2 protein chains.
Amino acid sequence: MRAPEYFAVDMLFDLEEERVSLFIRDHSGEKVAIQTPPGLKHYWEEICDLCRRHGVMPVFFESNFGACDLADRRARLAGCSALIHYGHSDMGLRSEIPVLYVEARAKGIDVSGLERLLDIPEGARVGIFSTVQYIDYLQELSAIVRKLGGIPLIGRHGWRTRYDGQVLGCDLRSAISIASDCDFLVYLGTGRFHPLGVAAAVNREVLCLNPHVPSVKRIRPGEFLKRRMARIAESADAARWCVVTSIKLGQFRLGLAERICEYIRSHGRKAVLVVADVITPEMLEDFDPDAAVSVACPRIPIDDQDRFSFPVLTPPELRLVFEKEGAYVFDEVQPEDFKFSELN
Amino acid sequence: MRAPEYFAVDMLFDLEEERVSLFIRDHSGEKVAIQTPPGLKHYWEEICDLCRRHGVMPVFFESNFGACDLADRRARLAGCSALIHYGHSDMGLRSEIPVLYVEARAKGIDVSGLERLLDIPEGARVGIFSTVQYIDYLQELSAIVRKLGGIPLIGRHGWRTRYDGQVLGCDLRSAISIASDCDFLVYLGTGRFHPLGVAAAVNREVLCLNPHVPSVKRIRPGEFLKRRMARIAESADAARWCVVTSIKLGQFRLGLAERICEYIRSHGRKAVLVVADVITPEMLEDFDPDAAVSVACPRIPIDDQDRFSFPVLTPPELRLVFEKEGAYVFDEVQPEDFKFSELN
């Protein structure tokens, strides 16, 4: 793939200029909506130039936490006839206007350096997974595993992921589904959140390969689970609960939030149902809760807990507050989470 | 009016329990949406109890910056058939569902103590204005002015305010319209933002009476205008501009934002149009601008400037960047701000 003309040629991710141009030509009226991850917003001049070359006005939407955070409704309100969403794969949400997903896959990476970092016994089964940015390199990683004498396994994608071996913070199926068949679990990519989710979900160590450096790190679930169990224990006597969800299209698990309110009340506690956009400590603090359950992105309680002055649990963590036993379950978003409850 | 049963009897503001009850009975299906100012969110248990007594489930919406920040669209998405909006008067926005505005007017205040704080020459014309919270007390303040020998003047309300003498951050008409006929301008209420807006808009001193304490303070526009002119001067050479608006129903001045983008480009600078919900420094910093124009609530550039690492101007302030002369104009929201521009 050639470097996009409208970005610096050293750009690490493929922004698919030709596909973007065709989409603008085919789908856009006067205005086209743009969502980009933070790192790409800096290049707005180049995106504006591209749009204006096609006689279209770009309107940027600030937030882009995932394909769940689709600005389609807002884009339509702003008179945009189409949306270009950078950085994530289509998770199958029904949009109000046509959407082009530009997955921004990593390019030009030499993964051969990872070979010397892996120590795999002959015949070992190695489950590999990644985020969409590095999904193109899973086949090369498979070849390395095979060359080292191992047997690579790639799990089938889940309901929100698009590619086999791909994981999202809210859909870890492709890794979880093969874990019991594997001797090793290997994550290809950057960041801690995704491999930590898998490690916690299956209570196993995950090897993390960063293809850029290249480097290998081990992520074990022990410390994480200890911290989360401490939060769960802290919530045991909480009398006032906030149950908060986000209006973001793919995070609006209102049905589950309503059922959780009833569940908390059935245990003799108070619960208030709150709908936010971005969930911040400041906003929830106004409600002065003893504890909260976040029924939006699974990442919020995990990554942002230290910003909150009270425990913020995931839906499956809440169950451990009242039922006292059972294994730790990582929060994954399910289709039935979105269904409204009947009012009793 | 009697104290609402469902709140502490020392509540300083009238929450109109009976009107709320009737509204819920008449308009609400299974779920009713609630918006409250931050100070009232703490009382969610009482609001929940009231709703549940009528067999209705309350859904709280986090944000409530004004009647411009109406959660009607979100409420409808959450299956709510009606919305109770606390703390602001109806500014005439068309809502997708029925809305009850509970203005939360101050109650039980003894304003007689303000008399000794005012020093008014015989026959002086005194223009008085307030926010909706204290609007009930403007007549008592008029009587005090008359008793002291002055002539009270109350201006007619503007297009977004509902009561004569009422001001909003985005509609100062009731004060501005009478300023040239007055020897004194007197604000009844708390906070600096509203009287500062009037002082800056008419370049005059405003006396601020806080009825709770009671106390009097003088607000002069000089220091404020100096600070704003410094920001305007800082923007003179800015090459990369963010023009940001908010999707909040009454703040979504997209037409004006589009015209401002074109205006900036017509002066040979770059401009990107950004749509946000809550406008934060973090979000705009991703675009790495040299300066920004906020085309949402007029309060953002005025109150939040120090949080931003670059100048954030109001639309009328921007004009002074390129045209170099003309009086300072305070940003007031106008009906034509909302009309989309034609793409040139």
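Reply: A salt bridge is counted where a side-chain nitrogen of Lys or Arg lies within 4 Å of a carboxyl oxygen of Asp or Glu. The model is predicted, and side-chain atom pairs count only at pLDDT 80 or more.

Me: With that cut-off, how many salt bridges are found over all chains?
Reply: The search covers the whole structure. Over all chains, the number of salt bridges is 55.

Me: How many residues apart are A:Arg173 and A:Glu332, which form a salt bridge?
Reply: The closest N and O atoms of A:Arg173 and A:Glu332 are 2.7 Å apart. A:Arg173 belongs to helix α6 (residues 173-179) of chain A, whereas A:Glu332 lies in the segment after α12 (315-323) of chain A. The pair thus links distant parts of the chain, and the separation is 159 residues.

Me: Which residue of chain A forms a salt bridge with B:Glu45?
Reply: Between chain B and chain A there are eight salt bridges. In one of them the side chain of B:Glu45 takes part, with an N to O distance of 2.9 Å. The partner is A:Arg240.

Me: Which element of chain B gives the most residues to the side that touches chain A?
Reply: In chain B, 46 residues are in contact with 45 residues of chain A, and 20 residue pairs between the chains are in polar contact. Elements of chain B that each supply at least two residues to this side include α3 (44-53), β2 (57-61), α9 (254-266) and β11 (270-276). With seven residues, the element that gives the most is β11(B).

Me: What share of the area buried between chain B and chain A comes from carbon and sulfur atoms?
Reply: The side of chain B that touches chain A divides into 25 nonpolar, three polar and 18 charged residues. The area buried between the chains is about 4,400 Å². Of that area, carbon and sulfur atoms give 61%.

Me: What relation holds between chain B and chain A?
Reply: Chain B superposes on chain A by a rotation of 180°, with 0.0 Å of shift along the axis and an RMSD of 0.0 Å. This is therefore the relation of a two-fold axis. Moreover, 98% of the interface residues of chain B are also interface residues in chain A, so the copies meet through the same surface. The residue of chain B closest to the rotation axis, at 4.0 Å (C-alpha), is B:Asp277, and the relation asked for is that of a two-fold axis.

Me: Which strands are the edge strands of the eight-stranded open sheet?
Reply: The order is β13(A)-β12(A)-β10(A)-β11(A)-β2(B)-β1(B)-β3(B)-β4(B), with parallel pairing. Within chain A, four bridges join β10 (residues 240-246) to β12 (residues 291-294), and A:Val243 stands opposite A:Val293. Between the chains, β11 of chain A pairs with β2(B) over two bridges, where A:Val275 stands opposite B:Phe61. Each pairing on one side only, the edge strands are β13 (312-313) of chain A and β4 of chain B.

Me: Which residue does a cis peptide bond join to A:Pro214?
Reply: A:Pro214 is in the loop between β8 (206-210) and β9 (215-219) of chain A. In chain B, a cis peptide bond joins B:Val213 and B:Pro214, with omega about -20°. In chain A omega is about -20°, and the residue joined to A:Pro214 is A:Val213.

Notes: Residues are numbered from 1 along each chain as its sequence is written. Chains are lettered from A and ligands numbered from 1 in the order in which they are written. This is a predicted model: local features need pLDDT of at least 70, side-chain atom pairs count only at pLDDT 80 or more; totals for chains, interfaces and linings use all residues. Side-chain values use heavy atoms; hydrogens and water are left out. Contact means heavy atoms within 4.5 Å. Buried area is the accessible area (1.4 Å probe) that two parts lose on being put together, summed over both. A polar contact is a pair of N or O atoms within 3.5 Å; within protein, one must be able to donate a hydrogen and the other to accept it, and residues adjacent in sequence count only if both atoms are side-chain atoms. Ala, Val, Leu, Ile, Met, Phe, Trp, Tyr, Cys and Pro count as nonpolar, Asp, Glu, Lys and Arg as charged, and the others, Gly among them, as polar. Two strands pair if DSSP finds at least two bridges between them. Copies are superposed by least squares on the C-alpha atoms of residues with pLDDT of at least 70 in both.
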